[in-house]
Amino acid sequence: MHETRPDGTLLRSTCDFCGKEWDPHGTDLMIEGHQGSLICTRCLSIAYLDVSVHRGGFEHQGSKCTMCIEERDQPQWQSPVNEANRVCLRCIKQGATALEKDEESGWKRPSA
Ligand SMILES: [Zn+2]
Ligand SMILES: [Zn+2]
């Protein structure tokens, strides 16, 4: 999520799934969802491995996804630090595709 000052300027951006603060001067990227939700590349890798590769996340199926704000009948990855935050398979795949297209990210989808 983005934290803003009272005047609307950006204070900091943190990953909704691990709480890591984004470093605007670093090389890490974050994928932005609806309503300012953010997932860092590290969390996306873990989520991808868990849900897309190992076919996990079925226990959270049907709950609201933090990234697309929709209740999807799809497996979801739950944040280890905030149980209310989940990312659905569709958003995981979209994020993975976006990161792969961005050559600067150097991100590769994890495989089993
Ligand atoms: Zn994260
Ligand atoms: Zn979603």
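Q: What spacing do the donors of the zinc ion (ligand 1) follow along the chain?
A: In this predicted model, the protein donors of the zinc ion (ligand 1) are the SG atoms of Cys15, Cys18, Cys40 and Cys43, lying 2.3 to 2.4 Å from the ion. Read along the chain, these donors follow the spacing C-x2-C-x21-C-x2-C.

Q: How many residues apart in sequence are the parts tied together by Cys15 and Cys43?
A: Cys15 is buried, and so is Cys43. Cys15 lies in the loop between strand E2 (10–13) and strand E3 (30–32), whereas Cys43 belongs to helix H1, so the pair ties together parts whose separation in sequence is 28 residues.

Q: Which arrangement do the 4 donor atoms around the zinc ion (ligand 2) make?
A: The zinc ion (ligand 2) is coordinated at 2.3 Å by the SG atoms of Cys65, Cys68, Cys88 and Cys91. Four donors count as tetrahedral if all angles lie between 85 and 135 degrees. Because the 4 donor atoms around the zinc ion (ligand 2) subtend angles of 101 to 117°, the arrangement is tetrahedral.

Q: In which strand does Cys88 lie?
A: Among the donor residues of the zinc ion (ligand 2), which are spaced C-x2-C-x19-C-x2-C in sequence, Cys68 and Cys88 link distant parts of the chain, 20 residues apart. Both of these cysteines are buried. Cys68 sits in the loop between helix H1 (41–53) and strand E5 (76–78), while Cys88 lies in strand E6 (residues 86–88).

Q: Is Cys91 buried or exposed?
A: A residue counts as buried under 20% relative accessible area. Because the relative accessibility of Cys91 is 11%, Cys91 counts as buried.

Conventions: Residues are numbered from 1 along each chain as its sequence is written. Chains are lettered from A and ligands numbered from 1 in the order in which they are written. This is a predicted model: local features need pLDDT of at least 70, side-chain atom pairs count only at pLDDT 80 or more; totals for chains, interfaces and linings use all residues. Side-chain values use heavy atoms; hydrogens and water are left out. Donors are N, O and S atoms within 2.8 Å of the metal (3.2 Å for Na, K and Ca); water is not among the atoms, so sites may look incomplete. Four donors count as tetrahedral if all angles lie between 85 and 135 degrees; four count as square planar and six as octahedral if opposite donors are over 155 degrees apart and all others between 65 and 115; anything else is irregular. Helices (H or I, at least four residues) and strands (E, at least two) are DSSP runs, numbered from the N terminus. Buried means under 20% relative accessible area, exposed over 50%, partly exposed in between (1.4 Å probe, protein chains only).
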